[in-house]
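Hi,

Here is the structure I said I would pass on.

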Amino acid sequence: MKKLFLRAICCLFAVVFVHTSVAARLVQGIVFRDANGNGVYDAGEVGLPDVVVSDSRTLVKTGPDGRYSLECKDDKPIVWVCRPSRMRPSKSFWTLATGDGSVDFGLVPMEQGSDFTFIQITDTHISRADTASWVVDRLNSLPFPVDFVINTGDLVSGSDGQTIEGAQNQYDVFEKGFSRLKLPLFYVCGNHEHANSRHANLQLDHELYGKGMYKQRFGPTVYSFDWGDIHCIVLDCTILLPKGGYREGIDAEQTEWLKGDLAMVPKGKSIIAFSHQVLPRPTAALLEGKGVLAVYCGHLHRTYVRKQADYDIIATPATSGAWWSGPGRSNPNSCGNPQGFRIINVSGGKIASQAYVSRHGDTPISLASPLKRTHLKGKQDFSVVVMDFGKKVSVTATLGDKAVELKQTERHPQWSVWSGSFDTSSFVDSAYDFVAVAQLEDGTKSTMNVDYSIQNGNIDTAFKTDRDAKLEFMLTSTSIKLEVVANDQVVGTLEADALKDVKSNKGKKITFVIPAANLKRVNSIVLRAAPEQKGKAGFTQVRMTYPEPETGKVRVLRDVRQFSNAKYAVDTGKSGKSSVISIALPD
């Protein structure tokens with residue numbers, strides 16, 4: 001009897017120890033085939049086995065009867081179901097588990113082929129109803145089947161810089177606008193979804209602060225789903241900081257979840273992953289050898305590809321382009337591509353074809369190469385993508401006043417690729433417009449314009465002007481004395497305490513006059529540390545203003561390779577050099 005009593009005491013102690021040392025909440029429920037589609041588990045409906053359920057920390061599979069038990073660390077966890085191939089949730093795929101009741105997920109069959117097409121939009125930055133309408137109307141009007149759309153982050157224009165109320169307004173506009181989308185839509189959380197996190201008055205204790213507002217409306221920031229023969233993984237590449245802001249990265253907890261998710265993928269099944277920022281290298285390495293076809297992201301507002309051992313990480317240009325400059329089509333991405341989206345065709349468990357396409361015009365044109373982030377010189381291979389929907393189209397192009405012959409080199413169901421070579425060696429160093437025009441047989445035209453910087457060392461020695469220019473920029477930080485250099489001549493200096501009386505986090509506007517005698521066709525601008533100075537500085541929004549000869553109207557000119565808000569740095573601890581900014585002047 002004494003031994004039985006001691007054994008009972010030990011067992012009781014063990015139970016108490018587990019529940020007091022692990023702050024976990026047990027969530028239980030069933031994943032079932034929802035025969036009547038009402039989202040409620042009714043008598044006679046059958047549970048579905050081997051379906052993954054998770055809270056983005058722990059993953060479990062349902063048993064033979066469709067039931068699961070999930071230990072969650074959060075008191076109010078977001079619990080979600082990984083929708084299996086050829087099924088969809090009868091209601092939402094996620095729920096905020098707040099009560100003690102059963103958390104059930106109903107699934108209904110849906111048609112999904114092994115071959116399918118999806119569209120990636122990214123960096124939509126919605127804050128106005130009209131911009132949401134443009135995107136949604138374009139997607140709804142596409143004359144070919146699209147299985148789903150995924151928005152890879154920065155859904156709204158900037159909830160991070162708003163009060164909670166202001167952030168809610170942006171989310172409301174986005175949700176109302178995209179409620180008209182006729183296609184299934186998946187979400188990725190971007191840094192501009194972090195409500196109030198960069199505002200002057202942080203509401204840190206508000207339940208909607210940071211990622212709280214996103215989670216309340218769209219659910220988990222980390223999840224997975226299956227489509228056709230592909231397993232899709234959505235990752236969150238931001239970590240909120242205690243006193244506002246964020247840093248890019250994937251923490252240990254998300255990494256462990258990712259390992260668990262990958263372990264549950266059947267051998268031989270291909271994977272496509274999505275994130276907002278380019279994946280950190282340790283996470284990217286973790287995905288190698290796992291059957292990953294590609295990782296699609298955004299954030300950079302330009303085309304970027306980073307090659308891993310057996311797959312590519314592909315940053316897609318922003319659907320909104322340079323959204324901070326306004327909603328117009330004249331605000332493209334920094335790589336030269338217009339506002340648009342990526343089309344991906346999947347076939348046989350592989351990516352059969354993909355292209356970034358413009359959202360403008362009846363036969364939209366986008367740029368494949370060369371991207372405009374570097375100076376062009378010598379012979380260049382030009383290539384454009386025309387979303388012609390399989391119709392017969394002709395394409396013409398010019399660089400400056402010279403014709404560039406383009407021929408069709410690829411034919412895909414929704415688009416064609418047109419390519420040709422052109423030698424720029426005879427061009428005088430300056431900025432030139434590349435204009436491509438696609439025309440249907442009925443005469444309907446679409447146009448794309450890209451401004452390139454061409455530098456072959458052919459200096460325009462005949463260039464002369466009697467007009468001064470002004471160099472303007474925003475100084476955002478400095479701990480050193482700086483020299484401002486234009487065409488190898490120091491045009492001004494800034495003391496180390498230049499920002500001592502500036503309260504705005506945007507910095508201070510700096511203006512220097514560049515005399516006419518010092519101007520060239522292409523002007524090289526450098527901000528550098530003064531002699532014997534050690535430290536750092538930052539600046540942005542570099543431009544020159546220059547009056548037209550006849551009207552006196554002031555032209556605003558920038559380095560055509562960069563966004564207007566491109567950020568630059570001086571750091572004597574690294575190379576000791578600063579970026580060279582090239583600004584070409586008109587006649």
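Let me start with strand β26, where 4 bridges tie it to β27 (residues 416–423), the two running antiparallel. K407 has S419 of β27 as its bridge partner. Strands count as paired if DSSP finds at least two bridges between them.

Before going further, the ground rules: this is a predicted model, local features need pLDDT of at least 70, side-chain atom pairs count only at pLDDT 80 or more, and totals for chains, interfaces and linings use all residues. Residues are numbered from 1 along each chain as its sequence is written, and side-chain values use heavy atoms, with hydrogens and water left out.

Back to that pair: β26 and β27 belong to an open sheet of 4 strands with antiparallel pairing, in the order β22-β23-β27-β26. At its edges sit β22 (365–369) and β26 (407–411), each pairing on one side only. From one strand to the next the twist averages 30 degrees (axes are lines fitted to C-alpha atoms, for helices over the stretch in contact, with angles from 0 to 180 degrees between N-to-C directions).

For the overall picture, the protein has 6 helices and 38 strands. Its C-alpha trace spans about 105 × 65 × 40 Å along the principal axes. Among contacts (heavy atoms within 4.5 Å) between residues at least 6 apart in sequence, 66% join residues at least 24 apart.

As for neighbours, β9 runs antiparallel to β20 (residues 340–347), with 5 bridges between them, and Q120 stands opposite R342. With β10 (residues 148–151) β9 runs parallel, joined by 4 bridges, and there F118 stands opposite F148.

On a 1 Å grid over the protein atoms alone, a cavity is a set of points where a 1.4 Å probe fits but cannot get out, and lining residues have an atom within 4 Å of a point. Grid points are joined across faces, edges and corners, and the volume is the space filled by probe spheres set on the points.

- The largest cavity has a volume of about 60 Å³. Its lining includes Q541, R558, D559 and Y568, and divides into 5 nonpolar, 3 polar and 2 charged residues (Ala, Val, Leu, Ile, Met, Phe, Trp, Tyr, Cys and Pro count as nonpolar, Asp, Glu, Lys and Arg as charged, and the others, Gly among them, as polar).
- The second largest cavity holds about 50 Å³. L471, F473, V484, I525, V526, L527, F539, V542 and I581 line it, which makes 9 nonpolar, no polar and no charged. β34 (522–529) gives the most, with 3 residues.

Cheers

Technical notes
1 Å grid on protein atoms, 1.4 Å probe; cavity = no way out; pocket = protein on both sides within 12 Å on 5 of 7 lines; lining within 4 Å.
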